[in-house]
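Please look at the structure, then read the points below it.

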Amino acid sequence: MLNDKVKDVLEGAKGALEKVTEKALLAAVPSGLYIGGEWVAGEQGGDLKVYNPANGEVLKSIADASPADGIRALDAAVAAADSWAATAPRVRAEILRKAFDLMQERKEEFALLMTLEMGKPLAEARGEVAYGGEFLRWFSEEAVRISGRYGTNPEGTGRMIVSQHPVGPCFLITPWNFPLAMATRKIGPALAAGCTVVVKPAALTPLTTLYFAKLLEDAGLPAGVVNVVTTSTSGAVSDPIIADPRLRKISFTGSTPVGVSLMKKAADNVLRTSMELGGNAPFVVFEDADLDKAVEGALLAKFRNIGEACTAANRFIVHESVAEEFAAKVTEKVKAFKVGPGVEDGVTIGALIDDRAVAKANSLVQDAVSRGATVRTGGNAIEGEGTFYEPTVVSDVRPGSDILREEIFGPVLAIVTFKDEDDAVRIANDTEYGLMSYVFTQDLARGQRMIERLETGMMGLNVGVVSNAAAPFGGIKQSGLGREGGFEGIHEYLSTKYTMTPNPFA
Ligand code: NAD
């Protein structure tokens, strides 16, 4: 006889096999703003249109929030703040855990929704559901481990108590490239810490966040704890929220220029800020690397998410003695990629998010070529329906090329060469960004030297993907402030209080 657990697993597996139809899924996504536990139209009604980048068709029209709607969402977060902060950590944890379980049940739905609105291949969207869901599980476990300390002062005259408290209402702004994971990576720790939130997803991919808010509602989250405003006018809606003295924190993931402007605005109210900003990751291949493993890592670090990742390898810095072999091997693999709508079987490179992304990838390639780079494969926008760019490899990229300075955010792999370790370090650190780096070497001491010498918040040493809910994700230099995930993640949403008390024996 099957025990209940096995039965659940089998029934779960059956559910996952049922085909999710696009039409039914889009109909199930709420089209309103989520404020105070209600789905509301917003004072100016529709009409924010969400497009499928693979064919340019409108997927759904949803509410387009006004600044007054944004303040209403903050009102709701403020109203719910005290009771959520006072909710037992175990209860907060159970709601997050329930949300994780529901995410497993609905994984195919979330994957399809992300592929439709963002363009990534379905297999990668499934990977994002797995990764994004883990933040719910991880922070459900962290919610019950918020600790403090109690000790005697060095003079022996008193007792010192250090305790942790939720920072209060938070404003969370997320980008379009990982519509689910960037939301769960912020909402998970905020809720675990006892904070209420207003979430503003990117206008290009808001459907996943709306569907996630519905999941949280189904998981039993009380009204007002999470509020979602979707809008085509990000600045106009965000500015009054940030200027409101009731707000305590802003957490932003997106480009560095927008992050800088938000930090300036946050300064007026001395808000806590977490900033996950842009990157320009070096991928260093030493002459002693296992080249096949380096090629495998390069394909993941570069082409995952169509290259539209802040952690994407932007500059391949390869020792001159192995550069030709590396370029040849990587080019052979890239030529075998299948480009097309993310919903089609076997597609490895989906549509870029919009025309501007295609134009940017193209102009960076053209600039590199005009300065002497060689196109090994690709190098062109693809004509016709949707916003596609050929997966591209360019080698012999010359110093001073724009592609070495700017985030490519597309499927273009650019190779430069170096002569020795100091040269590699100098090139790798020659950027204002400091998010991610990759190093391939079989020399342990050299690998350790790179950990200490490369100026980035994260490193993949002989691996092409590092993201994990249990790890502190974040950058240094102009890539940001603070960490998401790991033991560190919840502290972004907690403030420390120190209390002095007398020596009770005196
Ligand atoms: P973006 O900065 O254009 O937008 C990010 C978010 O900010 C969106 O929700 C957008 O609507 C909002 N926004 C834009 N202007 C605003 C304003 N004036 N006030 C308030 N909100 C505003 O970035 P994007 O194009 O959506 O995302 C790509 C960028 O995000 C890349 O630079 C990438 O490196 C970065 N990113 C960083 C991380 C990380 O963890 N470090 C992760 C993913 C993406």
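On a 1 Å grid over the protein atoms alone, a cavity is a set of points where a 1.4 Å probe fits but cannot get out, and lining residues have an atom within 4 Å of a point. A pocket is an open set with protein on both sides within 12 Å along at least five of seven lines. The model is predicted: local features need pLDDT of at least 70, side-chain atom pairs count only at pLDDT 80 or more, and totals for chains, interfaces and linings use all residues. Residues are numbered from 1 along each chain as its sequence is written, and side-chain values use heavy atoms, with hydrogens and water left out.

**Largest cavity**
- The whole structure holds three cavities of 30 Å³ or more.
- The largest has a volume of about 70 Å³, the volume being the space filled by probe spheres set on the points, which are joined across faces, edges and corners.
- Its lining consists of L300, A301, R304, A309, T311, A312, M436, Y438, G464, V465, V466 and S467.
- Eight lining residues are nonpolar, three polar and one charged. Ala, Val, Leu, Ile, Met, Phe, Trp, Tyr, Cys and Pro count as nonpolar, Asp, Glu, Lys and Arg as charged, and the others, Gly among them, as polar.

**Second largest cavity**
- This cavity holds about 60 Å³ of space.
- Y131, F178, M182, R185, R304, C310, T311, S467 and F473 line it.
- Domain 1 (19-277 + 480-497) and domain 2 (281-469) both give residues to the lining, so the cavity lies between them. The domain bounds come from an automatic or database domain assignment.

**Largest pocket**
- About 1100 Å³ of space lies in the largest pocket.
- Of its 37 lining residues, W176, G254, S255, V258 and R356 lie nearest the centre.
- α10 gives the most to the lining, with six residues.

**Helices α4 and α5**
- The axes of α4 (residues 89-105) and α5 (residues 107-118) come within 4 Å and cross at roughly 70 degrees. Axes are lines fitted to C-alpha atoms, for helices over the stretch in contact, and angles run from 0 to 180 degrees between N-to-C directions.
- That makes α4 roughly perpendicular to α5 (65 to 115 degrees).
- M103, Q104 and E105 of α4 meet K107, E109 and F110 of α5, with contact meaning heavy atoms within 4.5 Å.

Terms used: Helices (H or I, at least four residues) and strands (E, at least two) are DSSP runs, numbered from the N terminus. Angles under 35 degrees count as roughly parallel, over 145 as roughly antiparallel, 65 to 115 as roughly perpendicular and the rest as oblique.
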